[in-house]
Amino acid sequence: GNNVVSPKMAEPVKASPPTTFLLGCVKCASTSLFDMLLEREPRLCNGAALDAEPEFFNKEKHFFDYHADIESAMAGFPDYTEHFSSCPPESLAIDGTPNYFCDSHVPSIMHDVYANNGFDAAKIRFIAILRDPVDRAISHFHHNQRMHSDYTMTWEQVVDSGLEKVSHWKDNTTYEGLSLFKPQRVDRMCTLLGGGAYDLHLKEWFSHFEPSQFLILTMPQLLKSPKAITDAILEHVGLPVNQNVTAMEVPKSNSGGGYKRMENAEKLEAFYQPH
């Protein structure tokens, strides 16, 4: 990012902001991984939801995805840091908002807000966990059905409209007018289908942060070797690895499940193949 804000616009922060972000992607076991990390490593601090915020804000702070411009993000940043005011000084604060990974404006806004508040954005560490994008889309579809009683789109409608919208997004560098779901949000590619276009999201992140700041994992890796994966994460964020931990299990943190391949899966496989 390159949005330079006058110092007088930067209100004092209420606590040190996170230096670690678990980016998602949505429906890629990020909640299970987040819970494992907090249970294993007491020096990681997720802060707390503030008054009137839903309970899931204990994990997901949804700050950078809810602010589409630098001015509103700068104004809200002190309140964002208040989430972490209970974190001990020696801890590492972590934000586990999975929408950050695929919301196209987040990397630029995050970089500029940190820089304009005097924090070194190069010290931030990111963790991304991904899975087969077709399986991710199917899981996302069932999640939407479970969580939103007014969600009436069929799978076929989701696939056909989603492919059209993603194609438009790829041809439209201004990212305008794209939201398949939750139109009140400022997200662009964080849609049921768009979320799995991983290379496009990473390209956006890598244009604002160094690739070495990222540890990119897969859901099968986590399920197969949870201890090795959490060891790698702790090393990536700069925390000593406790060698006394001998075995770990992946908790089931969301009420989802394994789903069969849906009709039209071939369309999605063809779409995701370049990504």
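Student: How do α4 and α9 stand to each other?

Tutor: Helices α4 and α9 are oblique to each other, because their axes cross at roughly 130 degrees, and an angle over 145 would be needed to count as roughly antiparallel. Please note that this is a predicted model.

Student: Within what distance do the axes of α4 and α9 come?

Tutor: The axes of α4 (residues 133-147) and α9 (residues 265-272) come within 9 Å. The crossing is right-handed.

Student: Which residues meet there, α4 to α9?

Tutor: Pro 133, Val 134 and Ala 137 of α4 meet Ala 265, Leu 268, Glu 269 and Tyr 272 of α9. By class, six residues of this contact are nonpolar, none is polar and one is charged.

Student: Turning to the sheet, what is the order of the strands?

Tutor: The five strands make an open sheet ordered β2-β3-β1-β4-β5, with parallel pairing. β2 (44-45) and β5 (214-218) are at the edges; each has a single partner strand, so one side of each lacks a neighbour in the sheet.

Student: How many bridges join β2 and β3?

Tutor: There are two, in the parallel sense, and β3 spans residues 92-95. Cys 45 has Ala 93 in β3 as its bridge partner.

Student: Another topic: is Cys 190 buried or exposed?

Tutor: Cys 190 counts as buried, because its relative accessibility is 9%, under the 20% limit. Cys 190 lies in the loop between α5 (155-171) and α6.

Student: What is Cys 190 in contact with, leaving aside neighbours within four places in sequence?

Tutor: Cys 190 is in contact with Asn 99, Cys 102 and Asp 103. Val 26, 164 residues away in sequence, is 8.5 Å from Cys 190, C-alpha to C-alpha.

Notes. Residues numbered from 1 in each chain as written. Predicted model: local features only at pLDDT ≥ 70, side-chain atom pairs only at ≥ 80, totals over all residues. Heavy atoms only, no water. Pairing = 2+ DSSP bridges. Helix = DSSP H or I, 4+ residues; strand = E, 2+ residues; numbered from the N terminus. Buried < 20%, exposed > 50% of the residue type's maximum accessible area, 1.4 Å probe, protein only. Contact = heavy atoms within 4.5 Å. Axes fitted to C-alpha atoms, helices over the stretch in contact; angles between N-to-C directions. Parallel < 35°, antiparallel > 145°, perpendicular 65-115°, else oblique. Left-handed = near helix turned anticlockwise from the far one by under 90°. Nonpolar A, V, L, I, M, F, W, Y, C, P; charged D, E, K, R; others polar.
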